Amino acid sequence: QRCLSFIKATKFLNAYITIAEDTALKQAEESEERYRRGQILGDLDGIPVAVKDNFNTAGIETTCASNMLKGYIPPYSATVVQKLLDQGAVLLGKTNLDEFAMGSGSTDGIFGPVRNPWSYSRQYREKSVQNSHIENEDSNWLVTGGSSGGSAAAVSSFTCFAALGSDTGGSTRNPAAHCGVVGLKPTYGLISRHGLIPLVNSMDVPGILTRCVDDAAIVLGVLAGHDPKDSTTVQDPFKPFELTSFIDASKLCIGIPKEYHAPGLSSETLALWSKAADLFENAGAKVIEVSLPHTRYSIVCYHVLCTAEVASNMARFDGLEYGHRSSMDKSTEVMYAATRREGFNDVVRGRILSGNYFLLKQNYETYFIKAQKVRRLIANDFVNVFRNGIDVLLTPTTLSDTIPYVEFIKEDNRTRSAQDDIFTQAANMAGLPAITVPTALSEKGLPIGLQFIGRAFQEQQLLTVAKWFE
Ligand code: GLN
């Protein structure tokens, strides 16, 4: 009830698309009943959580913030949603996003942009009034980053204790960093994607947003493991772990990828990054500069692969099976075209067009196959540094702290979205686990996060380091 009242009080953030009030209260009552009767409780019994609106939830509308799926009520729940419920979690509602998770601002869905709760923090308010170049108070509000901005805002504004996001190129880590919360992208194949409406199948993973690293480890323990409904999940059983506060830093080897000194990196973030490296060094860890030489191809490579998979994924939305169908039905072709024109925004349509272009017979080798090869090189860069003894990499999560919406929309969103993912995308292409941890406040009083990237399936080590740092 408290969380639901917080959600209502922060409605202006636009973090939630659907509030599942009735089912949430029922779940909470059932949980209380289990407790009263002394029954065995689930790992998340009674814990209020939120879920990004691109995960299917049985009986609860699932829209992907798109006209295409508006009104769609799935007949089943995503495996991860079911796992949360099976452990007693209370599902408060579905959170806002960029349409079909394409974007890095959470500004591009049909329900409107998400507002960053930090827009209303005292620190930012005082600073922004001092340096105000914008007259109207309310136009100073900040973007959350994206595309899981609704989930990040929901955790950051204390309306829930954990939220699911999705992470294809950074969509969990980017908004987590901008909203001052923890964002975990697990190893590809550790968590089921069944019921997560796909963006890029070969890179998508469900992401976890929480207030602290310990909570992320608990939720990971609930979600991880093989799913017969997702053949890309690994068979090995996952052993949930508890994090220790103690680590022997002298046994730790931290890599600092030199290519991550990217153009556009703010001086504040850079300073924070080196300070963090010093912290590890002073604690006795080895801190070594490493090279991931193919990083510079990462954005272009991601673009080709992402749009190619988008083109094929979005083909399922044809007006026949799911969601929207246009009333223009002169012919099947006309109906298809009109449905897709009415159903998708221009970002989605643009990606479908680019993707189909890269997949044309005459372009397939030059673009798609070439990009697959570059992806392998990017992944091998990581294999090499880990083989040479690096335990985890320490990098920035985003180029800078977040910016006001009015500035965000001035720039070409698509270019912006590409640049914003510069530190996060490579982990998706390599399938590696990565976590962003809120680290400090900027001059403007806004959160800055730093990212750790770990070895595949070494979540325990990654989270242990993150917790020590936190
Ligand atoms: N910003 C990236 C994109 O638009 C990543 C999106 C995501 O991770 N879902 O493709």
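**Overall fold**

Of the contacts in the protein chain with a separation of 6 or more, 79% are between residues 24 or more positions apart; two residues are in contact if their C-beta atoms, placed from the backbone, lie within 7 Å. Please note that this is a predicted model, in which local features need pLDDT of at least 70 and side-chain atom pairs count only at pLDDT 80 or more, while totals for chains, interfaces and linings use all residues. Residues are numbered from 1 along each chain as its sequence is written.

The protein chain has 16 helices and 11 strands. The radius of gyration of the protein chain is 21 Å, close to the 23 Å that the globule rule gives for 470 residues, so the chain is as compact as a globular protein of that length. That radius is taken over C-alpha atoms, and the globule rule is 2.2 Å times the number of residues to the power 0.38. Helices (H or I, at least four residues) and strands (E, at least two) are DSSP runs, numbered from the N terminus. Along the principal axes, the C-alpha atoms of the protein chain fill a box of roughly 70 × 65 × 55 Å.

Of the 470 residues, 52% count as buried. A residue is buried if 20 or more other C-beta atoms lie within 10 Å of its own, exposed if 12 or fewer, and partly exposed in between, with C-beta atoms placed from the backbone.

**The sheet**

In what order do the strands of the open sheet lie? The 11 strands run β1-β3-β2-β4-β6-β5-β10-β11-β9-β7-β8, with mixed pairing. The edges are β1 (16-19) and β8 (286-290), each with a single partner strand, so one side of each is left without a neighbour in the sheet. Neighbouring strands are turned by 30° against each other on average, direction ignored. Two strands pair if DSSP finds at least two bridges between them.

Let us take β3 in detail. β1 and β3 pair in the antiparallel sense over 3 bridges, and Tyr16 has Thr95 of β3 as its bridge partner. On β2, by contrast, the pairing with β3 is parallel, through 5 bridges; here Pro48 is the residue whose bridge partner in β3 is Val90. Of the 6 residues of β3, 6 are buried, so this strand is largely enclosed by the rest of the structure.

Helix α1 (residues 2-9) lies across β1, β2 (48-52) and β3 (90-95), and runs at about 15° to β3. Axes are lines fitted to C-alpha atoms, for helices over the stretch in contact, and angles run from 0 to 180 degrees between N-to-C directions. Helix α8 (residues 267-282) lies across β7, β8, β9, β10 and β11 (447-454), at about 50° to β11.

Strands β7 (residues 253-257) and β9 (residues 392-396) run parallel and are joined by 2 bridges. Ile254 has Val392 in β9 as its bridge partner.

**Helix α7 and what follows**

How many of the 11 residues of helix α7 are buried? The number is 8, so α7 (residues 213-223) is largely enclosed by the rest of the structure. Among them are Val213, Ala216, Ile218 and Leu223. The buried residues of α7 pack against several elements, including α3 (79-86), β6 (205-210) and α16 (459-469).

Just after α7, Gly225 takes a positive phi of about 130°. Gln235 is placed in the loop between α7 and β7, and with 7 C-beta neighbours inside 10 Å it counts as exposed. Between the C-alpha atoms of Gln235 and Ile254 there are 30 Å in space, for 19 residues in sequence.

**Backbone details in the loops**

Ser106, in the loop between β3 and α4, has a positive phi of about 60° although it is not a glycine. Ser106 is buried, with 35 other C-beta atoms within 10 Å. Phe158, in the loop between α5 and β4, also has a positive phi, near 65°. Is Phe158 buried or partly exposed? Phe158 is partly exposed, with 13 other C-beta atoms within 10 Å.

A cis peptide bond joins Gly146 and Ser147, with omega at about 15°. Ser147 lies in the loop between α4 (122-130) and α5 (149-156).

**The ligand shell**

Finally, 15 residues surround the ligand, and the closest are Ala101, Ser104, Thr168, Gly169 and Ser171. A residue is near a molecule if its C-beta atom, placed from the backbone, lies within 6 Å of it. By class, the shell has 4 nonpolar, 9 polar and 2 charged residues. Here Ala, Val, Leu, Ile, Met, Phe, Trp, Tyr, Cys and Pro count as nonpolar, Asp, Glu, Lys and Arg as charged, and the others, Gly among them, as polar.
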